[in-house]
Amino acid sequence: MEQLVESVSWRPAPPLRAMVAYYHGYRQAGYPPAKHRGLPSPYLTLIITFDDPLLVTAHPDPRQHGGHYRTLIGGLHTRPALITRTEREAGIQLALNPLGVPALLGLPAGELAGIDLDAAEVFGPTAEEIRERVSAATTWPQRFAVLDEVLLRLTDQDGLPDPAPEVYQAWRRLITTAGTARVGRIAQEVGWSDRHLANRFRSAVGLSPKETARVMRFDRARRRLQRQAVEGHVAPLAELAAATGYYDQAHLAREFRELAGCSPSRWLAEEFGKVQAGAPAEPEPWPA
């Protein structure tokens, strides 16, 4: 089988951008099966496949058994998922903003924390409609247009109440500082106690502010590491640590082992040469 790799990132329609950060289309064929780690991220994940199903061998919650998924939605988590890449796979991954999830899914992001579900458990038969329609489309712009159309139809701005303004303010401070803002200071800024902010934030987002800040720092670091590898120059880990809010190289390495389940060097060795090698997998949401 001829080897093929495609990787395409796309912004959703403007009315969806408060709910969906980006679409990422991928296709590969002709490569041997390999391991992929679904890493912690500040966005919920929705995956729509239109080739072989997604094979999840280990979920972030070890109590969940692995399985095959044609569509999958996953909440925020602090452990990696382990995915076996098959010889032939294609699909679209959507990055969902936790605070936009109620309008899109009809439930708070906190209810999906740490778990993966077949998307039909949330979307009902619409999940299969999306899969069939993107499978039938012949170009990436056509597939993304299908997503725009269906998600706009699903969006209910008058459904669940929005999270409190204080939660929005806390989220904004964390996302604009890539998780480096002090959570105690944020609590002071919004006028809540640390405990009250943690409880309300976790209910809305799925992680506490401190956990979210930790995931944001890690996500920024691993994206920079990936971009450097693509560009052919991986800076010393000490430099990466200093640039992304870690105390030192040892702190970054420890966080990688805990959040990715492996060292930075092992992660790069596993990922590159696989489906999305040759270009960053997703656009970076972080300040330069």
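Which residue lies over the face of tryptophan 140? I find arginine 143 there, at 4.6 Å from the ring centre (a charge counts as over a ring if NZ of Lys or CZ of Arg is within 6 Å of the ring centre and within 35 degrees of the ring normal).

I note that this is a predicted model, in which local features need pLDDT of at least 70 and side-chain atom pairs count only at pLDDT 80 or more, while totals for chains, interfaces and linings use all residues. Residues are numbered from 1 along each chain as its sequence is written, and side-chain values use heavy atoms, with hydrogens and water left out.

I next looked up the aromatic pairs (ring centres of Phe, Tyr and the six-membered ring of Trp within 6.5 Å; planes under 30 degrees apart are stacked, over 60 edge-to-face, the rest tilted), and the count is 7. Tyrosine 22 and tyrosine 43 pair edge-to-face, with 6.3 Å centre to centre and 75 degrees between the planes. Tyrosine 22 lies in strand 2 (residues 20-29) and tyrosine 43 in the loop between strand 3 (34-38) and strand 4 (44-49), so the pair ties together parts that are 21 residues apart in sequence; strands here are DSSP runs of E, at least two residues, and helices runs of H or I, at least four, numbered from the N terminus. Both tyrosine 22 and tyrosine 43 are buried (under 20% relative accessible area, with exposed over 50% and partly exposed in between, 1.4 Å probe, protein chains only).

I then recorded phenylalanine 256 and tryptophan 267 as a tilted pair, 5.9 Å centre to centre with 55 degrees between the planes. Phenylalanine 256 belongs to helix 10 (residues 249-260) and tryptophan 267 to helix 11 (residues 264-271).
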